[in-house]
Amino acid sequence: MKNVKSLSILIPSYNRGLQLIRLINKFNFLKEKIDIIIVNDGSNHSMFYKKVNLLCKKHSFAKYFELNKNYGQSYATNYGLSKVLTKFVWLLDDDDQISKNTLMKILYILKTNPNINALLLPMSIFLGGKKIKTIYPKYKDHLYENLRNKAQTVNTSCSIFNKNKLIKIGGLDPKLMGGTDTDIFLRFSKKFTFRIAHVYPVRVNVDKSNKTYNFLLQQKSKIYFIKKNWKIISFKRKLYYLCSFIMFFPLLIKFQLIIKQLKNNG
């Protein structure tokens, strides 16, 4: 039977099962219009995920998949992408929050504009429950020529992609443990264009304990990103990265000395 729905919300999740329960219950009223795809990326906290699994079995609009170990957000997202049956997919983190009003407007936009490649939504960034800032993306900032010079202004939590076109560019890069948004926006913009949705912002919660915000991991990811996209990114952007590495090396040496001292003392 053909899936008449247009949108799937795809959520890779690691150790945040409680938030998923709330989200499924919140959007149950739209069960005839959306699908929710949850991929448990080898979480340690199994109690809430057992409840998530049971809840998904109860509500047919929500699907639950479990990986046997923690592969990382990009791998889990690509796995979930293979399970999506709708034309469009919204890539959310498991602690993001979207309003019912925003979701209703997005469904209307997708219904009346079925040829959209991708949509960008405003983003409100929260840290420890406090709003840091709200960003309203601009069309010109997300054109390929501009993304060669600088990073995008919002992340994938504020992005809705045509599923087949996202697959066509190879999905997310599982080798990247940081900067995945930057990489996918750059690759997508080379072939397709983004449109802007004028809706209420997505609430994106910044968790400094997340792997994405690990300083050393970020630097390794930048090196991989540069090597991968050396022929694409502009001279200006190459110079920016090189300067950041020059500033980073003294910190790395200091960090290594601290680790060495701790080992000697231990």
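Me: How many residues does the protein have, and what share of them count as buried?

Reply: Of the 266 residues of the protein, 47% count as buried, and please keep in mind that this is a predicted model.

Me: And what does the secondary structure come to?

Reply: The protein has nine helices and 10 strands. Taking contacts between residues at least 6 apart in sequence, 79% join residues that are at least 24 apart.

Me: What about the surface, how much of it belongs to carbon and sulfur atoms?

Reply: The accessible surface comes to about 14,800 Å², and carbon and sulfur atoms account for 57% of that.

Me: In which sense do strand 1 and strand 4 pair?

Reply: Strand 1 and strand 4 pair in the parallel sense, over four bridges, and Leu10 stands opposite Leu91 in strand 4.

Me: Now the sheet of three strands, what order does that one have?

Reply: The order is 7-6-10, in an open sheet with mixed pairing. Strand 7 (130-135) and strand 10 (202-206) each have a single partner strand, so one side of each is left without a neighbour in the sheet. The twist in this sheet averages 25° from one strand to the next.

Me: How many bridges join strand 6 to strand 10?

Reply: Five bridges join strand 6 (residues 123-127) to strand 10, and the two run parallel; Ser124 stands opposite Arg203 in strand 10.

Me: Switching to helix 3, which of its residues are buried?

Reply: In helix 3, which spans residues 73-81, the buried ones are Ser74, Ala76, Thr77, Gly80 and Leu81. Seen down the axis of helix 3, these buried residues fall within an arc of 165°, so they line one face of the helix.

Me: What do the buried residues of helix 3 pack against?

Reply: They pack against strand 1 (7-13), strand 2 (34-40) and strand 4 (88-91), and also against helix 6 (163-168) and helix 7 (180-191).

Me: Can we zoom in on Ser74? What is its relative accessible area?

Reply: Ser74 has a relative accessible area of 4% and is buried, because the cut-off for that class is under 20%. Leaving aside neighbours within four places in sequence, Ser74 is in contact with Leu172, Asp173, Pro174, Leu176 and Thr180.

Me: And Gln152, where is its place?

Reply: Gln152 is in the loop between helix 5 (144-147) and strand 8 (159-162), and at a relative accessible area of 15% Gln152 is buried. With neighbours within four places in sequence left aside, its contacts are His142, Leu147, Asp181, Thr182 and Phe185.

Me: Last topic, cysteines. How many disulfides does a search of the whole structure find?

Reply: The search finds zero disulfides.

Me: So is Cys56 buried or exposed?

Reply: Cys56 counts as buried, at 6% relative accessibility, and Cys158 also counts as buried, at 0%.

Conventions: Residues are numbered from 1 along each chain as its sequence is written. This is a predicted model: local features need pLDDT of at least 70, side-chain atom pairs count only at pLDDT 80 or more; totals for chains, interfaces and linings use all residues. Side-chain values use heavy atoms; hydrogens and water are left out. Buried means under 20% relative accessible area, exposed over 50%, partly exposed in between (1.4 Å probe, protein chains only). The arc is that of the directions from the helix axis to the C-beta atoms. Contact means heavy atoms within 4.5 Å. Two strands pair if DSSP finds at least two bridges between them. Accessible areas come from the Shrake-Rupley method with a 1.4 Å probe; for residues, only the protein chains shown count as cover. Axes are lines fitted to C-alpha atoms, for helices over the stretch in contact, and angles run from 0 to 180 degrees between N-to-C directions. A disulfide is a pair of cysteine sulfur atoms within 2.5 Å.
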